[in-house]
Amino acid sequence: TIGAPDDAARTTVPVINGWALKIFVYSENNLFQIAKVFSTLQILLIFILAYLLFRNYLAASLSAIGMALLPINIYWSPSINLDTFAVTFALLSLIGALWYARTPNIKSGLFFAFSFFLLLGVRIESFIFFPVVTLAIYVVRKESKIPIFTKMELRYVILFLSLIAFRAILSVSVIGQKWCCAEALPLEVFYPSYFIRDLLPNILHFFTRIEFPFIISVLAFISLAGGKGKSRFILGLWIAAYFVLYSTYYAGNFFTPEFSGSYGRYFLMMIPPTIILASITVVKTVEKFKTKRLALAIIVLLFLLPLTPMALRYKTLISSSPYFTFVEAGPKALHEFMEYGILKSTPQDSIIIHSLTGYILLEGRTSVFIGYFLTRNDVIDFIKVSLRKNIPVYMLETHQCEIFPERCNMVVNKFKFTPMNIDGGRNLGLDLSKVELLEATPSGK
């Protein structure tokens, strides 16, 4: 685990991954397979959502096709980052809200509440989706001439809001805390100045990225500006809420080599509503023609020109990031060094102290988080006991003690760190040292 802030803010995906690894096999590959399953579910979910909103099978089918084929979605589909899971649970939550709005009963209520709480546990900023589901319930009930809330529902609403408030306290409590490492940025950094910086570039990303053809954004805007029915405002609020939120984030530029993983990661959440809005514009256009087949054929031909650049580079777009040399080469080199350098240079039964414990644990090895080793007496005692049992212990990132000696005050007088020369490790910040006890007294205390 990274630490207390991460535990409080993000719980859904670690629990899902944990259970999946217990049921199947502890393997890093299984995590990628789980991500693929949840990403694939988005195709079905967007079909259901589009149909519930507009009661049109063609719009639902076009939305599902777009979700299935867009390069940016396919590129991120096997990733274990939280954004793909957030998209899945956002779709699920909105479906639950629409179901409950039209058919208020125990089943629909529990489905909506459960899916929404799972979304809240994916990422700390998922609270921004609450106005979206609230608007969805309001719009559906207004159009159906159903009371917004019955007396019986108000009891559950109060309970629901109380649970949300409790979850909010957990999440808000971690804002400003350091992220895993003493000198890291705060957990989430949002400032108005970032919005000013990111506003124009992020707007242009809707119209200039080859991975997301501009015709989709144009059609979505037409739907928002001139469409009929209030359902489109639900999707518009979804786009606007996340656009403003992520544009205010320190790493919120949707496509930039400046930050790790920023190749469309924060753009993913806005793709489903944009696709649905574009699809409904296509459907409404087709309906204006007397000959539907001819209208559909004309629209398909009009699509070919904007989609051609994407189609010509499709294989590359779904498999690689143009920012690879900037932001992905480092993590890839680190991963390979861990596999071929560190793990092969240490005994199978050894303990490895490191900040990134996940990879080591998934390889069936024992790992201790370096932050706990440097600051917690119970973890220090565990390492002492292990060494006295002749269990080998190794520590990565021992250069921290040279650069920031104060970090290591609790361990420098208890342990001896002997550097092991492994080529390339120092350049990656993965210098490896063998850890041994410095017995201060005959009793070892």
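Which helix gives the most to the lining of the second largest pocket? Hold that thought and start with the whole chain.

**Whole model**

This is a predicted model, in which local features need pLDDT of at least 70 and side-chain atom pairs count only at pLDDT 80 or more, while totals for chains, interfaces and linings use all residues. Residues are numbered from 1 along each chain as its sequence is written, and side-chain values use heavy atoms, without hydrogens and water.

Colour by pLDDT (the predictor's confidence in each residue, from 0 to 100). The average is 82, and 87% of the residues score at least 70. Now select residues 180-187. Here pLDDT stays under 50, and the model has 19 contacts beyond four places in sequence (contact: heavy atoms within 4.5 Å). Go on to residues 440-445. The pLDDT is below 50 there too, with three contacts beyond near neighbours in sequence. Where pLDDT is low, the predicted coordinates should not be read in detail.

Switch to cartoon. You have 20 helices and five strands, which are DSSP runs numbered from the N terminus (helices H or I, at least four residues; strands E, at least two). Of the 445 residues, 47% count as buried, that is, under 20% relative accessible area with a 1.4 Å probe, protein chains only. Among contacts between residues at least 6 apart in sequence, 71% join residues at least 24 apart.

**The second largest pocket**

A pocket is an open set of points on a 1 Å grid over the protein atoms alone, with protein on both sides within 12 Å along at least five of seven lines; lining residues have an atom within 4 Å of a point.

Show α7 (106-120), α8 (130-143) and α9 (151-172). Each supplies at least two lining residues. The opening question is settled by α9, which gives the most, eight residues. The lining divides into 20 nonpolar, four polar and one charged (nonpolar: Ala, Val, Leu, Ile, Met, Phe, Trp, Tyr, Cys and Pro; charged: Asp, Glu, Lys and Arg; polar: the others, Gly among them).

**The cavity**

Select D83, A86, V87, Y246, R265, Y266, L268 and M269, which line the largest cavity. In a cavity a 1.4 Å probe fits but cannot get out. About 40 Å³ of space lies inside. Helix α6 (residues 82-102) gives the largest share of the lining, three residues.

**Helix α11**

Finish at residues 214-226. Buried here are I215, I216, S217, L219, A220 and S223.

Notes. Buried means under 20% relative accessible area, exposed over 50%, partly exposed in between (1.4 Å probe, protein chains only). Grid points are joined across faces, edges and corners, and a volume is the space filled by probe spheres set on the points.
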